[in-house]
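Q: Could we go through this model together, starting with its strands?

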Amino acid sequence: PAAVSWYDEFQRLYDTIPCIEVQALKEHNDQVLHLSFSHSGCLFASCSKDCTVKIWSNELDISLQHSSNMRPYNWSYTQFSQFNSDDSLLLVSGVFVGPHNSSSGEIAVISMENFTLLSRVRNKPYDVFGCWLNETNLISGNLHRIGRITSCSVLWLNNAFQGVESENVNVVKRLFKIQNLNASTIRTVMVADCSRYDSPDLLLDYEEQLAASSTCPVFDLGSDSEEEEAKPKQTPEPAIQELPDDGGVTAEDGLQQFFDDIMEGRVRPAMTETELETKVAELFIRNRTKPPEVNLLPTESNSKTKYLIFTTGCLTYSPHQIGIKRILPHQMTTAGPVLGEERRSDEFFDSLDHVIDIHGHIIGMGLSPDHRYLYVNSRAWPRDCVISDPMQPPPIAEEIDLHVFDLKTMKEVKRALRAHRAYTPNEECFFIFLDVSRDFVASGAEDRHGYIWDRHYNICLAKLQHDNVVNSVAFSPVEQELLLTASDDTTIKVWRSPRTVRIQQARKPRPRKLLFSWLMNQK
């Protein structure tokens with residue numbers, strides 16, 4: 001929309017892409033897993049399999065400012081970091097090795113004033129990662145097993161200053177409790193701020209591409225059948241409170257009738273133990289779940305709310321859906337009861353307000369700077385695959401699809417971006433982080449390259465070479481012509497645009513001219 005001429009656009013796409021390597025940082029001695037900038041752009045943090053989190057000063061020549069070793073806290077490695085909104089605190093997520101070698105996650109909060117450790121919070125499973133909700137409160141997860149393939153995910157709000165708060169003030173509060181089916185769990189939480197939607201940095205409007213894109217349906221929970229779920233709805237429906245086929249029979253009565261049918265041999269065909277557990281869990285959840293919010297789309301009255309976004313699923317353990325849950329203003333503090341608001345027996349679990357089905361294994365998510373658009377890395381399943389065993393997900397494609405969703409309309413807004421690839425199978429699949437600037441999208445890949453696309457034209461602009469898997473990328477929030485890439489080759493590479501490199505070279509004194517001038521003066 002801001003383009004003036006095709007010449008200017010060609011110059012922008014040629015001259016402002018961060019594709020020239022200007023520095024390689026080699027202070028880590030193992031795989032580098034994640035990068036994150038401070039909001040001011042002055043600092044960035046890196047996490048690694050060497051179990052350190054390093055803080056770097058982003059100057060003309062980037063230098064290491066501090067390194068924290070997390071092994072004394074029984075961590076195996078650090079995997080994710082995020083600065084809070086005023087850059088005074090750093091959230092660091094890692095894998096914690098507990099008793100009997102059982103590994104779960106842990107989140108540490110580090111002060112940027114003196115690099116001291118302020119608090120530690122358990123986080124299970126570890127790939128929930130964790131995130132900031134506001135300046136002083138962060139979100140973590142916990143997982144409770146109910147059956148072999150059924151569990152309950154609990155999301156907690158934690159105060160960053162747990163060690164110094166008064167004993168009379170709560171430092172934790174339960175946000176949501178969500179039941180998981182078929183071995184799925186909640187992972188990869190992030191928060192989107194709805195107040196930014198009315199003034200986006202960039203408005204993507206691709207009507208033709210939206211009409212042509214039918215591979216990724218968007219649906220709300222609460223429909224009566226899988227066929228209906230696959231169709232977009234005009235208005236969200238409340239969660240099911242009654243069995244669809246028995247006209248007025250409650251889920252509790254239906255559960256008892258289901259057990260009676262089993263005992264008397266009326267259930268056909270015979271169910272496996274896994275199918276039986278899933279059926280019982282589905283019947284139970286219908287009568288024990290709080291209905292979803294009536295209207296999820298942002299309005300003036302709820303512009304102060306935020307969305308909690310996470311990966312989840314309903315068919316198998318590999319994350320194949322994106323869940324969205326609204327966080328209301330009164331829920332954004334740890335004040336009040338630790339277990340949250342009182343619950344009736346029929347509201348034991350929280351329902352999701354919206355679900356996006358990806359039909360593939362989700363391996364990365366990122367928000368645009370204005371929080372309007374959600375970008376999702378996924379590896380697709382075969383088109384007509386049927387999942388009969390939740391412990392055996394379908395094979396996944398080597399090609400990575402990068403989907404784009406408008407969080408204001410809850411619709412996919414353009415065709416999936418492609419170019420990058422991944423090779424690990426389902427059970428070994430790991431997260432590949434992506435990042436979004438005003439005009440560009442960048443992602444890592446398993447083919448030893450980072451990739452940059454243009455957000456306007458859907459084209460791949462650059463491939464950034466490493467010697468191994470590229471796990472993470474990060475644009476400077478104040479200068480999109482600066483990009484960092486982190487790799488299994490233990491290095492962090494710094495990339496700048498041709499325009500920026502020319503400007504920096506022009507500022508440097510030229511040694512030959514200085515030497516010639518000195519010789520002339522000597523004569």
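**Strands and repeats**

Q: In which sense do β12 and β13 pair, and over how many bridges?
A: Strand β12, which covers residues 151–159, pairs with β13 in the antiparallel sense, and eight bridges join the two. Strands here are DSSP runs (E, at least two residues) numbered from the N terminus, and two of them pair if DSSP finds at least two bridges between them.

Q: Which residue in β13 is the bridge partner of Leu155?
A: Leu155 has Phe176 as its bridge partner in β13.

Q: What about the sheet, which strands form it and in what order?
A: It is an open sheet of four strands with antiparallel pairing, and the order is β10-β11-β12-β13.

Q: And which strands stand at the edges?
A: Those are β10 and β13 (172–180), and because each has a single partner strand, one side of each is left without a neighbour in the sheet.

Q: Before we move on, where does all this come from?
A: This is a predicted model, in which local features need pLDDT of at least 70 and side-chain atom pairs count only at pLDDT 80 or more, while totals for chains, interfaces and linings use all residues. Residues are numbered from 1 along each chain as its sequence is written, and side-chain values use heavy atoms, leaving out hydrogens and water.

Q: New topic: where does UniProt place the "repeat: WD" feature?
A: The unreviewed UniProt entry places it at residues 25–57 and 463–495, though such annotations may be inferred rather than shown by experiment.

Q: How much strand is there in residues 25–57?
A: That span is 58% strand and 0% helix, with its end C-alpha atoms 12 Å apart.

Q: And in residues 463–495?
A: There the chain is 70% strand and 0% helix, and the end C-alpha atoms lie 11 Å apart.
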